[in-house]
Amino acid sequence: MDAPLVCVVDDDDAVRLSIGLLIETLGLPVRSFASALDVLEDSEVLARAHCRVLDVRMPGLSGVGLQERLVRLAHTAPIIFVSGHGDVPMVARAMRDGAFDFLQKPFNEQALLDRVQEAVQFAAAQRAARGWLAEIQARIDSLTARESDVMAGMVAGRLNKQIAEGLGISIKTVEQHRARVMEKLQVDSLAELVRLVVGVGWSAESKNGQ
């Protein structure tokens, strides 16, 4: 797995270099850009970035404008705005749109380092959670239609006999499907199965709506 990447965007060469060197003291790789538009053209940075440190006011696309583009593209890595020109409406807008923090220049270097570390940890946790959800969804998707029907009955708390009557199959067939459901979802108990499928938002209704 690639190391967490921090993206720095500032049109001021000196500031961009300074922030980049500061963040590298954390042992994190940094990619720096003078233009917000350049970030959008770098697919590797879009995919790998665990944190973005953005200047607010830049020629062309602003930092806030870049934030809006990233939100539309579903790139949700935390954003820390750094600006010498921040005003209250701008701060409110950036935070409302999900900014991780907003630091005024001149900023305290340790404060920036602390927030970058927190942002990277937050992003890593988000990615791990998405990976877990994708894995569980893949297990659910591996079920046959009949296994999925049986699982719906299991999650609803129905007995094998009730599931069999509802689906028009034998109890033995229900037992066979039930065993395969447990095997495919890699669970050892009904309680664990329920926690798993509820955790990914699965329901009989969502199944029928697919």
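The stops below go from a core to a helix, and then to cysteines, aromatic rings and a histidine.

This is a predicted model, in which local features need pLDDT of at least 70 and side-chain atom pairs count only at pLDDT 80 or more, while totals for chains, interfaces and linings use all residues. Residues are numbered from 1 along each chain as its sequence is written, and side-chain values use heavy atoms, with hydrogens and water left out.

**The core**

Begin by selecting Cys-7, Val-9, Val-39, Val-45, Leu-66 and Phe-81, which touch the most other members of the largest nonpolar core, a group of 22 residues. A nonpolar core here is a set of buried Ala, Val, Leu, Ile, Met, Phe, Trp, Tyr and Cys residues joined through side-chain atoms within 4.5 Å; buried means under 20% relative accessible area, exposed over 50%, and partly exposed in between, with a 1.4 Å probe and protein chains only. Next colour β1 (5-9), α2 (36-40), α3 (43-48), β3 (49-55), α4 (63-72), β4 (79-83) and α5 (88-96), each of which supplies at least two residues of this core. Such helices (H or I, at least four residues) and strands (E, at least two) are DSSP runs, numbered from the N terminus.

Now centre on Val-39, which, not counting residues up to four places away in sequence, touches Cys-7, Val-9, Phe-33, Val-45, Leu-46 and Leu-66, where contact means heavy atoms within 4.5 Å. A second, separate core has 20 residues, including Val-150, Met-154, Ile-163 and Ile-169.

**The helix α6**

Among the buried residues of α6 are Leu-112, Val-116, Ala-119, Val-120 and Ala-123. An α-helix has 3.6 residues a turn, so residues three or four places apart point the same way. At the N-terminal end, Asn-108 caps α6 with a side-chain oxygen that lies 2.9 Å from the backbone nitrogen of Gln-110.

**Aromatic pairs**

The structure holds 2 aromatic pairs, in which ring centres of Phe, Tyr or Trp (its six-membered ring) lie within 6.5 Å; planes under 30 degrees apart count as stacked, over 60 as edge-to-face and the rest as tilted. Select Phe-81 and Phe-102, a tilted pair that is 5.9 Å centre to centre with 40° between the planes. Phe-81 sits in strand β4 and Phe-102 in strand β5 (residues 101-104), 21 residues apart, and both are buried. Then move to Phe-100 and Phe-122, a tilted pair at 5.9 Å and 45°. Phe-100 lies in the loop between α5 and β5 and Phe-122 in helix α6, so this pair ties together parts that are 22 residues apart in sequence.

**His-50**

Finish at His-50 in strand β3, which is buried with a relative accessible area of 8%. Its contacts, leaving aside neighbours within four places in sequence, include Pro-4, Leu-5, Ala-119 and Arg-127.

Terms used. A polar contact is a pair of N or O atoms within 3.5 Å; within protein, one must be able to donate a hydrogen and the other to accept it, and residues adjacent in sequence count only if both atoms are side-chain atoms.
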